2 protein chains.
Amino acid sequence: MTQILRINMGGPEGPEVTQSTLDGYEGLGGRAMTSTVISKEVSPVCHPLSADNKLVIAPGLMSGSAAVMSGRLSIGCKSPLTGTIKEANAGGQAALMLAKLGYAAIILEGKPENDNLYKIIINKDKVVIEADNRLKRLGNYDLIAKMNETYGDKVCCISIGPAGEMKMSAASVAVTDKEQRPTRHAARGGVGAVMGAKGVKVIVIDDKGCPMRQAKDPEKFKAANKEFVAGIKKHAVSGEGLPAFGTNVLTNVVNEAGAYPTHNFKIGKFAGAAKISGETQAELEISRGGNATHGCHTGCVIQCSGIYNDKDGNYLTKQPEYETVWAHGGNCGIDDLDAIAQMDRLDDDFGIDTIEMGVTIGVAMEAGLLEFGDAKGAIDLVKEVGKGTPLGRILGNGAAFTGKAYGIERVPVVKGQALPAYDPRTVQGIGVTYATSTMGADHTSGYAVATNLLSVGGKVDPLKPDGQVELSRNLQISTAAIDATGMCLFIAFPILDQPETFQALLDLMNSFLGTNMTSDDVMALGKSILKNEKEFNFRAGFTASHDRLPGFFINESLSPHNTTFSVSDKELDEVLN
Amino acid sequence: MTQILRINMGGPEGPEVTQSTLDGYEGLGGRAMTSTVISKEVSPVCHPLSADNKLVIAPGLMSGSAAVMSGRLSIGCKSPLTGTIKEANAGGQAALMLAKLGYAAIILEGKPENDNLYKIIINKDKVVIEADNRLKRLGNYDLIAKMNETYGDKVCCISIGPAGEMKMSAASVAVTDKEQRPTRHAARGGVGAVMGAKGVKVIVIDDKGCPMRQAKDPEKFKAANKEFVAGIKKHAVSGEGLPAFGTNVLTNVVNEAGAYPTHNFKIGKFAGAAKISGETQAELEISRGGNATHGCHTGCVIQCSGIYNDKDGNYLTKQPEYETVWAHGGNCGIDDLDAIAQMDRLDDDFGIDTIEMGVTIGVAMEAGLLEFGDAKGAIDLVKEVGKGTPLGRILGNGAAFTGKAYGIERVPVVKGQALPAYDPRTVQGIGVTYATSTMGADHTSGYAVATNLLSVGGKVDPLKPDGQVELSRNLQISTAAIDATGMCLFIAFPILDQPETFQALLDLMNSFLGTNMTSDDVMALGKSILKNEKEFNFRAGFTASHDRLPGFFINESLSPHNTTFSVSDKELDEVLN
């Protein structure tokens, strides 16, 4: 990874390609790369859809190597949804392939003056950019089929659906998986809208003829990798729960804890939870000839993904994730897995964040557009997004936007981004993360649920404010560092609980990179990323006043525990100081 | 004015009325009252539609007296459009009547738990609050007709139309004029949505049996009033231009200066300007039996209002203001006065800000929903707002919202509020006001156009940055003070140019109030208001980064002068320090 590929989509005679060495960005990967580039090169007060914004696509530091779990791709920009800096990451094959091609980052800059829609083809010999307006408004699935026809089925695609083309604030960027399906999404914060504003429909990556990246110390690397795999396999979450039931293993756990936001965050338990749990889902998938244990990228040993077939046994979508099942399910009072899977398929096809979409439907239900539990009505709403009707334009811009359109107050967002699947009144630690994350409400940026509900990395009472600030802070720092490596965040479960697995990770990185990083260095890396991000947000106009949950989490208590979010503003202000 | 009337719309058994003395709010009127109450009593981070927000309705310090021009009513809240503190003011009869009834402020608090829509009737004997759901979704005109049937035609009404009920961010509060028409609007910033969130459709005010407020020194007061009138009459703007042609006298002036934003701020001159100018409009009004010289409230001696009849000579709407004619006219490439007047009527009836609505239509044109110049299409868009269709929900939430819905970048807003009818690239002083006002883009908060284009209060070259900061600062300070008095802002023309008229104003106030205010005291009052407002905004999360014009005013030059907005960020940061 010695090259940066810059593509100025606003060149006077069309897109201009520049390849350069890292030149100041040495040693950066993933989120560390995206946030550093955005922070250095993008004006924090620019319009997110303007030529001044950039879309940075970066594999992690370990991507393209034989290190297991190293296939996460980071995508960064100034977010059209939140106005903050944004990094969203995804699995799939792109990080691996880009890293093998030697690219530490692709940076999309500028903006075409015309209405053309472009495809970018990257292989070891060249970068080709072509206007191809026949791709306009194609769903991700049809788009990828077309790309496979032309470029074969060994490529990987990074693409947007109609939502990104329409520059909707909830638009995602899709990344294909091993089976050429556009199922892995850098979903949050509207990164797809920025790609749409750049006029780029798809980046087709072909790593043919490129070797894997080699470790500086191959022997140590091989040993560390083996130890690391063993650690992952022996932990209950990464070795048992996730492989068997996927992320949706959480439905029963979170619901039992009374932390499952139901009916747009009105109650903490969903009566229909068992019908949409990971256990039920896996059984259904297997019974229909699907697969409940599947990896989203080469080198994954957790295998939390899966294949969801329809009633006739035909592929419908990948196994919907816990957050998706919740957002479209319990949050909307819907307990029908097939309806949820249909929405997941539509979301992936249109290229839209499943969390934002589901929460938005919940807000629409709160506003009286349809009843809680109306699965058919919910599916129809998602279809509006794909069609780009005025209603679709409202919904596709997310929960905050929809709440404003219909004049309602109970809208679960922070910095304009929808809250994920854990109620902050019952999981106070995750509430701290939602409020203070540099990304808007985001569970992955400091997953305090692990400690609050799963007793991973210690125990902190989920119902009380005590200890949550420190918990969230440490997790936000370590997560930022993990997001730089290209490692899947689910390695956090074993490394938080098993010191020897954390050591194996350090050994893996040091033997690969030729470094001598300690755990302190990892934390320092995480801190430096957050510092950059905070500073960008400050210059964009964000202050402590924005690090707050919506008032109803403080004013309305949540059954069954009848708690409110009780971490004080003062404590929140200390999280990332 | 010794009383404050508080109405808690969220009482457990329905609305609760409390009358109190001024208790800490002594000596405050108009914007000084609204901004002080909001600043002291409302959490800056609350949701604008929540029970925690308040709507403060306050006559000016001089309202209810025989002082000419003293009939402005201030309405304040945290704005659903901008998120900042907000004061919007209006003419009409309400300030006079409330002041005569002795109320320095009505404060609407809380929020009903149910869906009821209320009317509030206030007379010298009592305050009555009744749920009346037959009023739901009535336009302001039908509503007032109903109120007149029940309460007679000597009352004044403060009301919202369907836009306010739907809590649209561009919803206005209407105030009836002398002829019982809901034509005077506290329009900007969505104050109507906050009234809607409180569940209040209309406040009917009856001042029967209440005397005018008396001056402390009646003789001096009478003399000062006479001198003040003479000063107003002898100034070319307030004595000639405004009476003859209304505010629309500005169309030719601003267009000639190349400062007339045309086609969503793409060019600075509109080819059809002569067809929609104040001169043309007055001639048309008179020819149809309307009236080009009319006062919106008792005691007005400028008479800049008018009556616009349709082709058959029937009343259609009040004389559309310059800003309205521009927003729906040249800004949208429309040169048809009848089409503009129809939109003015619809805006008033639905209760929506004409500036925000017109700029929003321009943004919709920019987004390709209809062509520039399409008058019928524009009228149809306004009708969507009244119907509350999804498209109407988008448009009724304003220009920034519509720009986001359709993913376009060229959206002329500051802090989410649409720019008025002067391009900041040709009138740099008003650009400073747009950027730094505590209210979002607002021409009335520091009308540098007066000095930049009309040579009132001195001369400052409109095309250059030099001197604009000081000009805008002084005007913002003096305007805040005027907005506290209840005086119409158009007194600024004579008092800026004629020292004896400014002295007459001071004499008028001192003889009425029994004070000894100097011009320094007036400026100190203005400063204290701005300080309160700035401080509220800071606590709400606004920083210098928000005191900026959209990028295209800096990046795109405007014909015919080919200038960009060139006041630096550093200078902007000094305006209200």
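Apart from residues up to four places away in sequence, A:E41 touches A:R6, A:Y25, A:K54 and A:E109, contact being defined as heavy atoms within 4.5 Å. The model is a predicted one, in which local features need pLDDT of at least 70 and side-chain atom pairs count only at pLDDT 80 or more, whereas totals for chains, interfaces and linings use all residues. Residues are numbered from 1 along each chain as its sequence is written, chains are lettered from A and ligands numbered from 1 in the order in which they are written, and side-chain values use heavy atoms, with hydrogens and water left out.

A:E41 belongs to helix α1 (residues 30–41) of chain A; helices (H or I, at least four residues) and strands (E, at least two) are DSSP runs numbered from the N terminus. Its relative accessibility of 25% places A:E41 in the partly exposed class, which lies between buried (under 20% relative accessible area) and exposed (over 50%), as computed with a 1.4 Å probe on protein chains only. The side chain of A:E41 is joined to that of A:Y25 by a polar contact of 2.7 Å, and to the side chain of A:K54 by another of 2.8 Å. A polar contact is a pair of N or O atoms within 3.5 Å; within protein, one must be able to donate a hydrogen and the other to accept it, and residues adjacent in sequence count only if both atoms are side-chain atoms. A:N53 is twelve residues from A:E41 in sequence, with a C-alpha to C-alpha distance of 8.6 Å.

Elsewhere in chain A, helix α7 (residues 236–245) has the buried residues A:V237, A:S238, A:G241, A:L242 and A:P243. Their cover includes α6 (218–234), β13 (291–294) and α19 (492–497) of chain A. Just after α7(A), A:G246 adopts a positive phi of about 70°.

Helices α18 (residues 468–485) and α21 (residues 519–539) of chain A pack at an angle of about 95°, their axes being 7 Å apart. This makes α18(A) roughly perpendicular to α21(A), a class that spans 65 to 115 degrees, with angles under 35 counted as roughly parallel, over 145 as roughly antiparallel and the rest as oblique. Axes are lines fitted to C-alpha atoms, for helices over the stretch in contact, and angles run from 0 to 180 degrees between N-to-C directions. Residues of α18(A) that meet α21(A) include A:I477 and A:A481, while those of α21(A) include A:L525 and A:I529.

In chain B, six strands form an open sheet of mixed pairing in the order β2-β1-β6-β3-β4-β5, two strands being paired if DSSP finds at least two bridges between them. Strands β2 (16–21) and β5 (85–90) of chain B stand at the edges with a single partner strand each, so one side of each lacks a neighbour in the sheet. Strands β3 (residues 55–59) and β4 (residues 73–78) of chain B run antiparallel and are joined by four bridges, with B:P59 opposite B:L73 in β4(B).
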